[in-house]
Amino acid sequence: MGMGVMSSSRRGRSSRRAPMAEINVTPFVDVMLVLLIIFMVTAPLLASGVPVELPESRANPLDQDPEQFTIALDREGFIYVDDTLVEDGALPQALDAISGPQGSEKPLINLRADTSLDYGRVMAVMGELNNAGFNSISLVTTGSAEAP
């Protein structure tokens with residue numbers, strides 16, 4: 001009788017399954033796809049934090065350069081250098097800060113201006129950029145859906 005109990009317990013151990021050494025990657029893939037969707041939706045929002053209604057244009061897009069700065073003029077005419085508000089009259093000092101050492105090549109400037117702004121206000125900022133030695137200025141617009 002004792003032997004029967006021991007033999008059945010031994011049989012129970014040997015009939016158990018061996019632990020699985022495989023990893024179930026389905027939850028990992030699900031999480032990665034959700035993160036991918038979140039990054040795809042939020043990435044365009046991170047491009048510029050200043051809300052500006054850009055004019056439309058049919059111009060071809062330019063290549064992105066790591067050595068570039070964005071200057072934005074919002075609806076009220078406030079100036080931002082890379083999402084940092086520039087006080088009235090402090091634009092020349094802000095441009096000196098981003099221009100780099102004397103004699104070096106000036107970085108590319110992307111100028112974003114709201115469509116409701118006066119043309120003279122935008123030209124005044126472009127004049128300050130030119131006066132500071134920034135001759136490579138890109139005017140940022142949105143793509144037009146109209147056919148030629």
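Me: How many helices and how many strands are there in the protein?

Reply: This is a predicted model, in which local features need pLDDT of at least 70 and side-chain atom pairs count only at pLDDT 80 or more, while totals for chains, interfaces and linings use all residues. Residues are numbered from 1 along each chain as its sequence is written, and side-chain values use heavy atoms, with hydrogens and water left out. Helices (H or I, at least four residues) and strands (E, at least two) are DSSP runs, numbered from the N terminus. The protein contains four helices and seven strands.

Me: In what order do the elements of the protein run from the N terminus on?

Reply: The elements comprise four helices and seven strands. From the N terminus on, they run α-α-β-β-β-β-α-β-α-β-β.

Me: What is the strand order of the open sheet?

Reply: Strands count as paired if DSSP finds at least two bridges between them. The sheet has five strands with mixed pairing. β4 and β6 (137-139) each have a single partner strand, so they stand at the edges and one side of each lacks a neighbour in the sheet. The order is β4-β3-β2-β5-β6.

Me: Which residue in the turn of the hairpin formed by β2 and β3 has a positive phi?

Reply: β2 and β3 run antiparallel and are joined by three bridges; the bridge partner of Ala72 in β3 is Tyr80. Five residues lie between the two strands of the hairpin. The residue in the turn with a positive phi, about 95°, is Gly77.

Me: What angle does the direction of α3 make with that of β3?

Reply: Axes are lines fitted to C-alpha atoms, for helices over the stretch in contact, and angles run from 0 to 180 degrees between N-to-C directions. α3 packs on the sheet, touching β2, β3, β4 and β5, where contact means heavy atoms within 4.5 Å. The angle between the directions of α3 and β3 is about 15°.

Me: What angle does the direction of α4 make with that of β5?

Reply: α4 also packs on the sheet, touching β2, β3, β5 and β6. Its direction and that of β5 make an angle of about 165°.

Me: Why do the buried residues of α3 line one face of the helix, and within what arc do they fall?

Reply: Buried means under 20% relative accessible area, exposed over 50%, and partly exposed in between (1.4 Å probe, protein chains only). In α3 (residues 91-98), the buried residues are Leu91, Ala94, Leu95 and Ile98. The arc is that of the directions from the helix axis to the C-beta atoms. Seen down the axis of α3, the buried residues line one face because they fall within an arc of 100°.

Me: Which exposed residues does the face of α3 turned away from its buried side carry?

Reply: The buried side is covered by elements including β2 (68-73), β3 (79-81), β4 (84-86), β5 (108-113) and α4 (119-131). The face turned away from it carries Gln93, Asp96 and Ala97.

Me: Which element gives the most residues to the largest nonpolar core?

Reply: Of the 17 residues in the largest nonpolar core, Ile71 and Val125 touch the most other members. β2, β3, α3, β5 and α4 each supply at least two residues of this core. With four residues, the element that gives the most is α3.

Me: Is Val122 buried or exposed?

Reply: Val122 lies in helix α4. Leaving out residues up to four places away in sequence, Val122 touches Leu111, Ala113 and Leu117. With a relative accessible area of 14%, Val122 is buried.

Me: Is Gly143 buried or exposed?

Reply: Gly143 belongs to strand β7 (residues 142-143). Its C-alpha atom is 9.5 Å from that of Leu54, 89 residues apart in sequence. With a relative accessible area of 64%, Gly143 is exposed.

Notes: A nonpolar core is a set of buried Ala, Val, Leu, Ile, Met, Phe, Trp, Tyr and Cys residues joined through side-chain atoms within 4.5 Å.
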